[in-house]
Amino acid sequence: MYTLSHTKMPGFTIDDWTLQYKQCSVFAEKQITTSRAHYKRRNQSNSTRIVKQITDGKMGEIIAARYLRNNGLDCNNPDF
């Protein structure tokens, strides 16, 4: 088990973060278009909020993947 003192946190430059977040945002815009009916069934209709949640979730996947790799663990890249 890892503790914070034994792990390396993933670093991002502002430019890297901005680029990655933009990629996540583009993914989210496409995702909501293809899955609108699914969100409607779940009574979710605020497109702006849904896109933000998808974007943040995808960014979380990138952060988690970097964290794992920085700590010597193998993992797949997030799907886009």
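A residue counts as buried when its relative accessible area is under 20%, and as exposed when that area is over 50%; partly exposed lies in between. Keep those cut-offs in mind for this tour of a predicted model.

**Stop 1: C24**

Select C24. Its relative accessibility is 0%, so C24 counts as buried. Now select C75. C75 is buried too, because its relative accessible area of 19% is under the 20% cut-off. How many disulfides does a search of the whole structure find? The search finds zero. A disulfide is a covalent bond between the sulfur atoms of two cysteines.

**Stop 2: helix α1**

Select residues 14–34, which make up helix α1. The helix has 21 residues. From its first C-alpha to its last, α1 reaches 30 Å, close to the 30 Å expected at 1.5 Å a residue.

Colour Q20, C24, F27, A28 and I32, which are buried in α1. Turn the view and look down the axis of α1. The buried residues fall within an arc of 130°, so they line one face of the helix. An α-helix has 3.6 residues a turn, so residues three or four places apart point the same way.

What covers the buried residues of α1? The cover includes α2 (36–41) and α3.

**Stop 3: Q23 and T55**

Stay in helix α1 and select Q23. Q23 is partly exposed, because its relative accessible area is 36%. Q23 and T55 are 32 residues apart in sequence. In space, their C-alpha atoms are 8.6 Å apart.

**Stop 4: the aromatic pair**

A search of the whole structure finds one aromatic pair. Select F27 and F80 to see the pair, which is edge-to-face. The ring centres are 5.8 Å apart, with 85° between the planes. The pair links distant parts of the chain. F27 sits in α1, while F80 is in the segment after α3 (47–70), 53 residues apart.

F80 counts as partly exposed, at 44% relative accessibility.

**Stop 5: K58**

The charged end of K58 sits over the ring of F27, 4.5 Å from its centre. The charged end of K58 also sits over the ring of F80, 5.4 Å from that ring's centre.

Terms used
Residues numbered from 1 in each chain as written. Predicted model: local features only at pLDDT ≥ 70, side-chain atom pairs only at ≥ 80, totals over all residues. Heavy atoms only, no water. Phe/Tyr/Trp six-rings, centres within 6.5 Å; stacked < 30°, edge-to-face > 60°. Helix = DSSP H or I, 4+ residues; strand = E, 2+ residues; numbered from the N terminus. Buried < 20%, exposed > 50% of the residue type's maximum accessible area, 1.4 Å probe, protein only. Lys NZ or Arg CZ within 6 Å of the ring centre and 35° of its normal. Expected span 1.5 Å × (residues − 1). Arc of directions from axis to C-beta. Contact = heavy atoms within 4.5 Å. Disulfide = S-S within 2.5 Å.
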